[in-house]
There are 2 protein chains.
Amino acid sequence: MSMKGFVDRMTELNLPNSIFVDCTSSEEVTSYYEAILSANVSIVTPNKKANSGPLEKYQLLRATAFKRGAKFLYETNVGAGLPVINTMNDLLLSGDKVIRIEAVLSGTLNFIFSSYVEGKKFSDVVKEAKLKGYTEPDPRDDLNGMDVARKILILSREAGWDLELSDITVEDLVPEDCRGEITPDEFFARLEKHDSAFESLRKKASDTKAKLRYMAVLDNGVVSIQLGAVDEHHPFYSLSGSDNIILLTTERYSERPMVIRGPGAGAHVTAAGVFADIIRIGHYSK
Amino acid sequence: MSMKGFVDRMTELNLPNSIFVDCTSSEEVTSYYEAILSANVSIVTPNKKANSGPLEKYQLLRATAFKRGAKFLYETNVGAGLPVINTMNDLLLSGDKVIRIEAVLSGTLNFIFSSYVEGKKFSDVVKEAKLKGYTEPDPRDDLNGMDVARKILILSREAGWDLELSDITVEDLVPEDCRGEITPDEFFARLEKHDSAFESLRKKASDTKAKLRYMAVLDNGVVSIQLGAVDEHHPFYSLSGSDNIILLTTERYSERPMVIRGPGAGAHVTAAGVFADIIRIGHYSK
């Protein structure tokens with residue numbers, strides 16, 4: 001059955017108290033979300049495409065879910081099983097206001113910059129991450145920062161800022177001559193030529209006892225994503241492996257932020273987060 | 001109206017979809033919880049007394065709430081507004097198992113040990129914490145570790161371990177000759193005589209570049225609470241002010257723990273957490 005046939009049949013059958021779980025990362029599947037919610041069927045998904053697409057779509061899905069009494073839950077859009085979106089919503093619903101979000105949202109990039117120590121070449125570290133299965137099939141899909149941009153966009157929208165993906169300034173870590181239609185081998189061959197440029201960044205950070213981190217910051221409605229150096233007093237300094245970290249500074253958590261940290265990717269923790277959202281809908285429906 | 005009169009009247013009136021919010025720390029009020037839940041009224045509270053009392057009472061309240069379709073929520077029992085109990089419950093409900101909890105659960109004691117640096121006397125630091133309003137009226141109620149014991153007991157029970165308060169080994173930081181019925185002045189006069197003992201602990205930690213932290217650990221059903229030294233690689237090392245931190249190691253978060261950190265006490269963040277629990281019940285009742 002085609003996706004359209006499936007959704008048509010679902011609408012026909014009238015299935016309230018049902019949940020549609022989208023475990024794809026397909027843009028096409030998200031085009032059916034409105035029809036699914038309109039059929040009073042709730043949606044749970046780790047798929048970021050709907051929430052990081054046009055603002056209009058983001059808003060329409062919320063309005064539809066609300067009107068139909070259906071739920072649209074996506075805790076795993078950011079940080080997999082880490083309690084980020086629900087925690088922020090709890091704060092907002094109880095009257096708090098998000099002032100600033102600082103985050104490391106890519107487990108892949110954190111693995112790369114945690115592994116990138118003296119004596120290693122940047123291109124080798126990226127190759128290692130790819131071999132270990134930490135990167136997308138094309139590592140440029142991680143290095144270009146778009147995955148991080150989508151995640152911080154979702155957090156920013158949840159925090160109440162009406163932003164589009166195009167409003168976000170992203171530092172693309174893919175050197176210009178490594179972009180476009182080239183094979184993986186060709187990509188790595190070209191990336192090697194930039195090893196010394198990355199090395200000088202690493203050394204400059206290391207000389208001041210700092211570490212490189214690929215960070216996303218939302219500050220008063222403005223989002224920027226860049227590679228920066230953090231010193232030992234910064235909460236991102238001790239981040240290891242493929243961990244994510246999210247610092248929430250709000251009106252109530254103003255002096256010191258609320259911090260959520262831990263493995264932010266992986267099949268098990270993502271599946272657990274999806275399952276927790278499903279159970280949450282079960283609670284709501286009692 | 002007496003508390004008993006109030007509860008009787010509430011039962012008489014039959015008020016489903018109502019919520020009883022207990023913002024006291026009174027043991028007496030918790031003696032009415034069963035009657036309140038039996039009247040189909042939900043309870044939201046930061047009061048730890050019911051959940052850290054006899055295991056039998058803890059279990060009876062859950063059974064009563066479940067039977068009556070009422071909710072009993074107490075996210076603020078641990079870490080004020082930090083999402084600790086709900087997060088752990090999400091993990092457990094989705095089939096995870098808690099292996100280990102390591103935590104700093106007393107904002108007061110963390111403030112004391114964060115402020116206790118070279119050149120300061122321990123008794124002066126405690127005095128300063130009292131003057132700033134960070135301690136209980138009698139600072140010994142913080143130093144004896146019982147507040148931490150109650151919190152880790154609640155987390156342990158939530159994680160599925162049938163423990164009593166008496167099962168927990170607590171390092172009491174109140175020196176023996178400072179206990180009993182004495183005035184605050186007398187307490188501080190006596191505490192001064194132990195400054196050198198605390199100083200040698202501090203110096204021993206400091207000599208190995210470590211810091212003192214008052215830590216609670218649940219490991220495979222065994223709970224211990226003690227003052228220990230942590231080095232710069234430990235996640236508790238950088239803890240500042242009156243922050244709390246909770247590390248959850250579970251079957252799914254086994255390689256690296258999930259970490260929740262932030263201000264764990266204070267009127268604003270506690271009130272927000274209570275309010276979030278109230279809203280949660282609103283969601284359930286839709």
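**Exercise 1. Polar contacts and salt bridges between the chains**

Task: Find how many residue pairs are in polar contact between chain B and chain A, and which elements of chain B touch chain A.

Solution: In this predicted model, 8 residue pairs are in polar contact between chain B and chain A, both residues of a pair being at pLDDT 80 or more. A polar contact is a pair of N or O atoms within 3.5 Å, where within protein one must be able to donate a hydrogen and the other to accept it, and where residues adjacent in sequence count only if both atoms are side-chain atoms. On the side of chain B that touches chain A, the elements giving two or more residues are helix 5 (85-93), strand 9 (258-263) and helix 12 (267-284) of chain B, and the largest share, 9 residues, comes from helix 12 of chain B. Helices (H or I, at least four residues) and strands (E, at least two) are DSSP runs, numbered from the N terminus.

The next step is to look for charged pairs: the rule finds 4 salt bridges across the interface of chain B and chain A, a salt bridge being a side-chain nitrogen of Lys or Arg within 4 Å of a carboxyl oxygen of Asp or Glu. The side chains of R280(B) and D90(A) form a salt bridge at 2.1 Å, N to O.

Residues are numbered from 1 along each chain as its sequence is written, while chains are lettered from A and ligands numbered from 1 in the order in which they are written. Because this is a predicted model, local features need pLDDT of at least 70 and side-chain atom pairs count only at pLDDT 80 or more, whereas totals for chains, interfaces and linings use all residues, and side-chain values use heavy atoms, with hydrogens and water left out.

**Exercise 2. The contact as a whole and its symmetry**

Task: Determine how many residues each chain brings to the contact, and what rotation superposes chain B on chain A.

Solution: Chain B and chain A each bring 32 residues to the contact, where contact means heavy atoms within 4.5 Å. The area buried between chain B and chain A is about 2,800 Å², and carbon and sulfur atoms give 58% of that area; buried area is the accessible area (1.4 Å probe) that two parts lose on being put together, summed over both. Y253(B), R256(B) and Y284(B) supply 21% of the area that chain B buries against chain A, more than any other three residues.

Turning to the symmetry, a rotation of 180° with 0.0 Å of shift along its axis superposes chain B on chain A, with an RMSD of 0.0 Å, and that is the relation of a two-fold axis. Copies are superposed by least squares on the C-alpha atoms of residues with pLDDT of at least 70 in both. Y284(B) comes closest to the rotation axis of the residues of chain B, with its C-alpha at 2.1 Å. Since 100% of the interface residues of chain B are also interface residues in chain A, the copies meet through the same surface.

**Exercise 3. Strand 8 of chain B**

Task: Work out which strands pair with strand 8 of chain B, and whether its residues are buried or exposed.

Solution: Strand 4 (residues 98-104) of chain B pairs with strand 8 of chain B in the antiparallel sense over 6 bridges, and V98(B) stands opposite T250(B). Strand 9 of chain B is also joined to strand 8 of chain B by 6 bridges, again antiparallel, with R261(B) as the bridge partner of I245(B). Two strands pair if DSSP finds at least two bridges between them.

As for burial, 8 of the 8 residues of strand 8 (residues 243-250) of chain B are buried, so this strand is largely enclosed by the rest of the structure. Buried means under 20% relative accessible area, exposed over 50%, and partly exposed in between (1.4 Å probe, protein chains only). D243(B), I245(B), L247(B) and T249(B) point one way, N244(B), I246(B), L248(B) and T250(B) point the other way, and all are buried. In a regular strand the side chains alternate between the two faces of the sheet.

**Exercise 4. The surroundings of R190(A)**

Task: Locate R190(A) and name the residues that R190(A) touches.

Solution: R190(A) lies in helix 10 (residues 184-192) of chain A and is partly exposed, with a relative accessible area of 26%. Not counting residues up to four places away in sequence, R190(A) touches D177(A), C178(A) and I182(A). A polar atom of the side chain of R190(A) lies 2.7 Å from the backbone oxygen of D177(A).
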